[in-house]
Amino acid sequence: MSENMNIAAVPEQIPDEVLDNAQENLDLLEENNLEENNEETVGENIVADEADRPDYSALSLNEIIVMFRQMLERADQMEMYKMADVLKASFYKALKRERIAAGCPVQENTVLETRTGDKQEHNDASADAGDVPADMSGTQSDAQTEAIADEAEEISNDPFAEVERGFKELYAQYKASRAKYIQEQEKQKEMNLECKLAVIEGLKELLEKQEDLAHTFPAFRELQNRWKEIGAVPQARVKDVWDSYQYQVEKFYDYVKINNELRDLDLKKNLEIKTRLCEEAEALKDEPAVVDAFRRLQKLHDEWRETGPVARELREEIWNRFKEATAVVNRKHQAFFDNLKEERKQNFEKKSALCEEAEAIAERTDIQANEWNVLSKKMEELQAKWKTIGFAAKKENQKVYDRFRAACDKFYSAKREYYAEFKNVMQKNLELKEALCEQAEAIMNSEEWKKTTDQLIRLQKEWKKIGPVARKQSDAVWKRFRAACDTFFNRKAAFYEEQDSALEVNLKAKTELIEEIRNYKLQGDKTKDMEMMFSFQDRWREIGFVPFKEKEKIQVAYKEAMDAHFSEIRSDDMEYSMGRFAKRIQDLQNNVKGGARILKNEREKLLQRYRKIETDIQTLENNAGFFAKSKNAESLMAELERKIAQARETLVQIEEKIKMIDRQFQEK
């Protein structure tokens, strides 16, 4: 006879006390929604679990793989069930992040799988356990061989593919282990079902034996203990098996002739157990961890159902006490999820605001070179704020994350493109600067001081116009260019320092010559005085240049000294001077080594002087025309005319001297 037939055959014979006790257990299930198949409770537990799920995406790929492998080695099924998909999601987040950091293309079609419940987990595990790989048959088709070759080529081109493949193998081990575990659990539940059905049959047989109470009651207690020790049964059979068992227990209490003393002791013991359960349920109202308190309350309800009845007069009182404690915990649990819902709504609004800020930055197309680092820091600040905000609602959390991630990816993609182009520009700038270095190095040993100085200044101006180069190369190329410039300018400084020293010596020599001219006393012999004058002039010319700032001053002093002693005989020195010059060039040509070169230099100097005097005459004539239009300019005009006449006489002398040199070369 089946259980359902037994249950249906007895209701008219069950006493009111038994019906009340059974109704108490049914009320317990209906009023507090604590059935094992309550989908709303399961859903809330999943949401609560997800709220506590850690995020390991900050770890590296290798760290996540090591953590996953250690978890497999521990073989803790509850740990694997809770953590496997968390680690998988974290792995693919880290994989995407490291692919982006390494510049590898990101596979946009990668989907992170999440656990959707025990039913989906069971279906996945069953599918994993039932699948047989194609290569287990011992042969491979051409298409399989080609697919394996393509996969090998893809792995060789993608450094992250091997890491992903290794993780997939670990995850496949977990799925296989999970599938095996679920199969074992299902088998165990079937065995537990058989055991519980056996206990129910034992209770039935116990009622039919009509034995002495001393033998019947211990057997009944043994069957109760066996029932408590048996684990869970298949979900579909929970309620009917429990109803059958409860019915047989209640039937045992009513149909077996239990004496009042043993029954009172049993009811008293049940009262003590239920009183303790009430106290523990009441204590849960102060538990800060609301979700944990709710789970512990479920266990208390399971134990309440397993506990037998109490005395009729106390039954309603103890039940109401337990029900009130349950209601308090349920209200806190409901309030917790209401607050969690509101908190996640606010989190969604905060994350949406961050998305808008990130998108505003990512949409900019006018970012200048000096703004990239500033905007990158701003994006990092937004990401840091994002991490401080909790989860949004489950249906919105992934969407808002994808929106924020897309804005960040767009910005950093644009930044990479900019710096890739900027890198090419910097490489071109480096090539231009290296070319300038080569030009500077080619002339750094030159002794053409003026020309080389102008060239290096031009190169330095070109250097400033060239844009930046990479930081690791900037110092080296600049030091190279600077070294070439410093080499030349240090040499130039040393040269002119030596020249300045020589100029000071020349200044001293000319000062002494001026003093000598001032101290000279005319001999009264015009020829001797003229020779002395020419001697002073030759000595003056032989002395080199003086410092530029002293040039005009020393020249004026020399002229004043010469005019003071030789002004009277200068007007008669033309003929003598020309004769003396002719003798000098003849001696240079015939008797002095390198005389021809000296004469050429002399001719060039005379020619330059001739041109300069011509320019001076033109300037004086222009000035004369200017002063002629002004009043009271007679004295100025007279002075200008005197200087012009003197300059023209000098031109005649210079022209004659040039002709002398030319005739000397023709005769030679």
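Both Trp304 and Phe322 are buried (under 20% relative accessible area, with exposed over 50% and partly exposed in between, for a 1.4 Å probe and protein chains only). The model is predicted, and local features need pLDDT of at least 70, side-chain atom pairs count only at pLDDT 80 or more, and totals for chains, interfaces and linings use all residues. Residues are numbered from 1 along each chain as its sequence is written, and side-chain values use heavy atoms, without hydrogens and water.

Helix 4 spans residues 61-74 and helix 8 spans residues 161-209. Helices (H or I, at least four residues) are DSSP runs numbered from the N terminus. The two pack at an angle of about 20°, and their axes are 10 Å apart. Axes are lines fitted to C-alpha atoms over the stretch in contact, and angles run from 0 to 180 degrees between N-to-C directions. Helix 4 is therefore roughly parallel to helix 8 (angles under 35 degrees). The crossing of helix 4 past helix 8 is left-handed, meaning that the near helix is turned anticlockwise from the far one by less than a right angle.

Helix 4 contributes Leu61, Ile64, Ile65, Phe68, Arg69 and Leu72 to the contact (heavy atoms within 4.5 Å). Helix 8 contributes Val163, Phe167, Leu170, Tyr171, Gln173 and Tyr174. Of the residues in this contact, 10 are nonpolar, one is polar and one is charged. Here Ala, Val, Leu, Ile, Met, Phe, Trp, Tyr, Cys and Pro count as nonpolar, Asp, Glu, Lys and Arg as charged, and the others, Gly among them, as polar.

The structure holds 24 aromatic pairs. Rings of Phe, Tyr and Trp (its six-membered ring) pair if their centres lie within 6.5 Å; planes under 30 degrees apart count as stacked, over 60 as edge-to-face and the rest as tilted. Tyr171 and Tyr174 form a tilted pair, at 5.5 Å centre to centre and 55° between the planes. They are three residues apart in helix 8, so about one helical turn separates them. Tyr171 is buried, at 9% relative accessible area. Tyr174 is buried too, at 0%.

Trp304 and Phe322 have ring centres 4.2 Å apart and planes at 10°, so this pair is stacked. Trp304 lies in helix 12 (residues 290-306) and Phe322 in helix 13 (residues 312-362), so the pair ties together parts 18 residues apart in sequence. One aromatic cluster is formed by Phe68, Phe91, Tyr92, Phe167, Tyr171 and Tyr174.

Asn192 also lies in helix 8. Asn192 is buried, with a relative accessible area of 8%.

Key. Angles under 35 degrees count as roughly parallel, over 145 as roughly antiparallel, 65 to 115 as roughly perpendicular and the rest as oblique.
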